[in-house]
Structure formats: structure tokens, C-alpha cells
Amino acid sequence: MILELDCGNSFIKWRLIAAESQPALAGGVVDSDDQLLAAVRQVDGPGPLHCRLVSVRSDDETAALRLRLEQAFAVEVCSAQPVRELAGVRNGYSDFARLGLDRWLALVGAYRLSGQACLVLDLGTAVTSDFVAADGEHLGGYICPGVPLMRNQLRTHTRRIRYDDAAAAQAVHSLQPGRSTAEAVERGCSLMLRGFVLTQLELARERWGESFSIFLTGGDAALVREMLPQARLVSDLVFVGLALACPLS
Ligand SMILES: Nc1ncnc2c1ncn2[C@@H]1O[C@H](COP(=O)(O)OP(=O)(O)O)[C@@H](O)[C@H]1O
Ligand SMILES: CC(C)(COP(=O)(O)O)[C@@H](O)C(=O)NCCC(=O)O
Ligand SMILES: [K+]
């Protein structure tokens, strides 16, 4: 069994696979190291023999998690590291080590799956886009806040934007001009996200015409799924790249 982890800013995504390129036998989304260990222990059958992870958390947090995994399952943990080039893709950052490793693995995974120019959209805590040319050159990308961050910034930095989760859930059934604070904020943030996505699409078309693939991933990918019917929704895209960054042999 191989335990794979994607440690984002909000959640840890995990899954267990029997061997390289096999479908997941178990997996989930947890919000702490404790929950992760408990969830993996609950899976029937042999525990993990190998473990690989990618983290955009601090080095201290990542090291602490590694140690706990090594102690809990007696595994060696491979942690994806920044590199200039991987699987035919060249990192486009002027300082390659600064590119978020989750972005890097997602775009390497996308290029492996498509073999052509791709636009990669990852909707997590942050929303990111990355552009990879047909020859594997990563051209760079964009970062903006995800919807929960946008909403929370408004709540935190204003005095009168206050509403509860039920009102928020009610508000997003339409994108008509809001007639309450909840509607105005929720729909406003949804439109910002849509605007970002449409702009990325325009930029990709200006560069590549119609000869590119769009990949959609991240916990909030469903928010823009309908506006991108041509996109491939690949929820485990980061894990595709992770397998390339940390091969077992
Ligand atoms: N099962 C789930 N548990 C928690 N959040 C989820 C789940 N499914 C979708 N989400 C959404 O995913 C978002 C987080 O996406 P994710 O890609 O996990 O972020 P990050 O990589 O930054 O931790 C949350 O804003 C939430 O709206
Ligand atoms: C942009 C990110 C915050 C996205 O993280 P996520 O939303 O997946 O938690 C992460 O990839 C990161 O910390 N990147 C480093 C900065 C950069 O990519 O330029
Ligand atoms: K993200």
C-alpha cells in the first residue's frame, strides 16, 4: 500500500493505493494531522508500506507530520521537493523553489495526461492558474483568493457585513443582483471567481487558439465546472504529479 498526501492550506487530502497507477482503495479529506492518522488507521488491511506527500505548509509543520507518519506506520516518507525540471516540464518561475509545490505537481500531472499545451486551474484556499506550453515550458500563472477567503476578508474588515451560513447557502441559487447582504456578497464573490476563470480562458486562447487542454482541480472545482464544459475535472491531479516526483523505485 502506498499512502499519498496533499497537504494544502486548509485540508489534507489523502488516499491509499495498492501499487503505482492503481485506483484508490480508500481516501478522504481531513483538517488535522490527528484526523489523518485516525482515518488511515481505520482502513482495513495492511497498513502503508510507502508514503509520499506534497505540502505547501511551513517546513516545521511538514516535518512534524513526516515524523508522525514515520512513527505511526514505520514508513519512509518521500516529500516532493522543488526542482527546475520534471517529466518533460520546465518550471517557469525565475526562482523555481518559490513556485507552490501543489501547483507544480498539478501542472506536471496535467502535461503528462494531455501531452499538449494546458491551462491548469486549482480552486482551493487560493485559486491558481498555470500555463504550460506544448513543449513543456511552464509559462507561469496567477494566484488569487478563493471564495471562502474573499468572503471572510469582507466579514473581517467591514462592520456591517454579517450573515450566517444558511443565508449564504440560500444566496447562491441565482446570480441576479443581490437584494440582501448575503446575496450581494455571495453572488459578488461568485462573479469574481467566474471573471477570473473566463479571463484565464481568454489568455489561453490568445496564445494557443483552440489547441490546449483545460484541467480543473481543487476542493472548490465544482463552483466553475458548468462554465467550463470542455475542461477535464481531475480531482487527483496533484497525485498524478506526485507519483512522478516521488517514484517508488
Ligand atoms: N469534503 C470536503 N471537505 C472540506 N472541504 C471541501 C470538501 N469538498 C470540497 N471542499 C471545498 O474545498 C475547499 C478547499 O479546497 P482544497 O483544494 O482542499 O484546499 P487546500 O488545498 O487549500 O487545502 C473548501 O473551500 C471547501 O469549500
Ligand atoms: C498558491 C498557494 C497558496 C495555493 O495553496 P492552496 O490553495 O492549494 O492551499 C500555494 O501553492 C503556495 O503557497 N504557493 C507559493 C507561492 C507561489 O506559488 O508563488
Ligand atoms: K489551490
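The backbone oxygen of cysteine 246 lies 3.0 Å from a polar atom of the arginine 52 side chain, and in this predicted model the side chain of arginine 52 is also joined to that of glutamate 20 by a polar contact of 2.6 Å. A polar contact here is a pair of N or O atoms within 3.5 Å, where, within protein, one atom must be able to donate a hydrogen and the other to accept it, and where residues adjacent in sequence count only if both atoms are side-chain atoms.

Arginine 52 belongs to strand S4, which covers residues 50-55; helices (H or I, at least four residues) and strands (E, at least two) are DSSP runs numbered from the N terminus. Arginine 52 counts as buried because its relative accessibility is 1%, given that buried means under 20% relative accessible area, exposed over 50%, and partly exposed in between, with a 1.4 Å probe and protein chains only. When neighbours within four places in sequence are set aside, the contacts of arginine 52 include Ile2, Leu3, Glu4, Leu5, Ile17, Glu20 and Cys78, together with Leu242, Ala243, Cys246, Pro247 and Leu248, a contact being heavy atoms within 4.5 Å.

Glutamate 20, the partner in the 2.6 Å polar contact, sits in the loop between strand S2 (12-17) and strand S3 (24-30), and with a relative accessible area of 30% glutamate 20 is partly exposed. With neighbours within four places in sequence again left aside, glutamate 20 is in contact with Ile2, Arg52, Ala243, Pro247 and Leu248. Of these residues, alanine 243 is 223 residues away from glutamate 20 in sequence, while their C-alpha atoms are 7.6 Å apart.

The loop between S2 and S3 also holds serine 21, whose phi near 65° is a positive value in a residue other than glycine. The loop between helix H2 (59-73) and strand S5 (77-79) contains glutamate 76, and alanine 74 lies in the loop between H2 and S5 as well; the phi of alanine 74, near 50°, is likewise positive in a residue other than glycine. Glutamate 76 and arginine 52 are 24 residues apart along the chain, with their C-alpha atoms separated by 8.4 Å.

| Residue | Relative accessibility | Class |
|---|---|---|
| Serine 21 | 72% | exposed |
| Alanine 74 | 70% | exposed |
| Glutamate 76 | 74% | exposed |

For the protein as a whole, the secondary structure comprises 8 helices and 12 strands. The radius of gyration is 19 Å, which agrees with the value near 18 Å that a compact globule of 249 residues would have; this radius is taken over C-alpha atoms, and the globule rule is 2.2 Å times the number of residues to the power 0.38. Along the principal axes, the C-alpha atoms fill a box of roughly 55 × 40 × 30 Å. Of the 249 residues, 43% count as buried, and among contacts between residues at least 6 apart in sequence, 55% join residues at least 24 apart.

Residues are numbered from 1 along each chain as its sequence is written, and chains are lettered from A and ligands numbered from 1 in the order in which they are written. Local features need pLDDT of at least 70 and side-chain atom pairs count only at pLDDT 80 or more, whereas totals for chains, interfaces and linings use all residues, and side-chain values use heavy atoms, with hydrogens and water left out.
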